Structures are given as C-alpha cells and as structure tokens.
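This report describes the architecture of one protein chain. The sequence and the model are shown first, and the description follows.

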Amino acid sequence: MKTIIIPVRDLTSAKALYRELLGVAPHMDEPWYVGFTVDGQEIGLDPHGHDKGMTGPVVYRHVDDIHTMRKLLLDVGAESVQDVTDVGGGKLVATVRDADGNPIGLLQPA
C-alpha cells in the first residue's frame, strides 16, 4: 500500500497541518488535491473525498491491472464502492469494501 488519501473539508487548514506533521512541502498543490511524498509514501488530501463517500483515510494498493484486480476482489466477496475512474493523466483508481466495511483502494499508475 503506497498511497493514502485523506478526505478533508478545509484544504488550506489541512495542508498547513500535514505540512507540519510530515515535515515536507507538498509536491502537488492544486485546489482539487494536495500531495506529499514521505519515504516513498504518497499522502494526499482530497477536498472532495467526503462528497465521494469517504468517511476517513483510504489506503491504495498499486496494481498493474486495476480491472482484473477489482474483478478478483468482487468475485471473493468485496462490494463495489467506486468504479474504475481516471483521475488525470491516465492514473486509474477504484474502491471496494471488504465484508467488515473497510475500504480498499486500488490504484493503477499511468
């Protein structure tokens, strides 16, 4: 799991807090996403996460074939939360939920 996305309501405040907590400046700072990299770990702030149903941080497993992995997880009991979506530049994400309601993010790099 290389990416953690955190839903935030106040991006400006969250950006300042996470900058202090993580000790690094964001590598991406846009109105729709602020991303930090710490020791190879991507930590992103999503100001629209709550609108997408995120109730807390979601960890993302990086995969080579998101469609195949999503189908495999659904076949063994996962529930779909978000279909495969291009979030820009060819990067694909999807989210499923395990039987206990825990979100599992999938991310296929561009």
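**Basis and confidence**

The model is predicted: local features need pLDDT of at least 70, side-chain atom pairs count only at pLDDT 80 or more, and totals for chains, interfaces and linings use all residues. Residues are numbered from 1 along each chain as its sequence is written, and side-chain values use heavy atoms, with hydrogens and water left out. The pLDDT is the predictor's confidence in each residue, on a scale from 0 to 100. For the protein chain it averages 96, and 100% of the residues score at least 70. Elements are DSSP runs numbered from the N terminus, with helices (H or I) of at least four residues and strands (E) of at least two.

Eight strands form an open sheet in the order 2-3-4-1-5-8-7-6, with mixed pairing. Strand 2 (28–30) and strand 6 (79–86) lie at the edges with a single partner strand each, so one side of each has no neighbour in the sheet. On average, neighbouring strands are turned by 20° against each other, direction ignored. Axes here are lines fitted to C-alpha atoms, for helices over the stretch in contact, and angles run from 0 to 180 degrees between N-to-C directions.

Two strands count as paired if DSSP finds at least two bridges between them. In general, strands of a sheet pair through backbone hydrogen bonds, either parallel or antiparallel. The table sets out pairings of this sheet.

| Strands | Sense | Bridges |
|---|---|---|
| Strand 2 and strand 3 | antiparallel | three |
| Strand 1 and strand 4 | parallel | five |
| Strand 1 and strand 5 | antiparallel | three |
| Strand 6 and strand 7 | antiparallel | five |
| Strand 7 and strand 8 | antiparallel | six |

Individual residues locate these pairings. Glutamate 30 has tyrosine 33 in strand 3 as its bridge partner. Proline 7 stands opposite aspartate 46 in strand 4, while isoleucine 4 has valine 59 in strand 5 as its bridge partner.

**Strand 1 and isoleucine 6**

Burial is judged by relative accessible area: buried means under 20%, exposed over 50%, and partly exposed in between (1.4 Å probe, protein chains only). Four of the five residues of strand 1 are buried, so the strand is largely enclosed by the rest of the structure. Isoleucine 6 belongs to strand 1 and, at 11% relative accessibility, counts as buried. Contact means heavy atoms within 4.5 Å. Apart from neighbours within four places in sequence, isoleucine 6 is in contact with Tyr18, Ile43, Gly44, Leu45, Asp46 and Pro57.

**Helix 1**

Helix 1 (residues 11–22) packs on the sheet, where it touches strand 1 (3–7), strand 2, strand 3 and strand 4 (41–46). Its direction makes about 5° with that of strand 3. Leu11, Ala14 and Tyr18 are the buried residues of helix 1. They cover an arc of only 60° around the axis, which puts them on the same side of helix 1; the arc is that of the directions from the helix axis to the C-beta atoms. These buried residues pack against strand 1, strand 2, strand 3 and strand 4, whereas Thr12, Leu17 and Glu20 are exposed on the other side of helix 1.

**Hairpins and a loop**

Strand 7 (residues 92–97) is mostly covered, with five of its six residues buried. Strand 6 and strand 7 form a hairpin with five residues between them, and glycine 88 in the turn has a positive phi of about 125°. Aspartate 86 stands opposite leucine 92 in strand 7. Strand 7 and strand 8 also form a hairpin with five residues between them, in which glycine 101 of the turn has a positive phi of about 90°. Valine 96 has isoleucine 104 in strand 8 as its bridge partner.

Aspartate 39 lies in the loop between strand 3 and strand 4. Most residues other than glycine have a negative phi. Aspartate 39, although not a glycine, has a positive phi of about 50°, and at 82% relative accessibility it counts as exposed.
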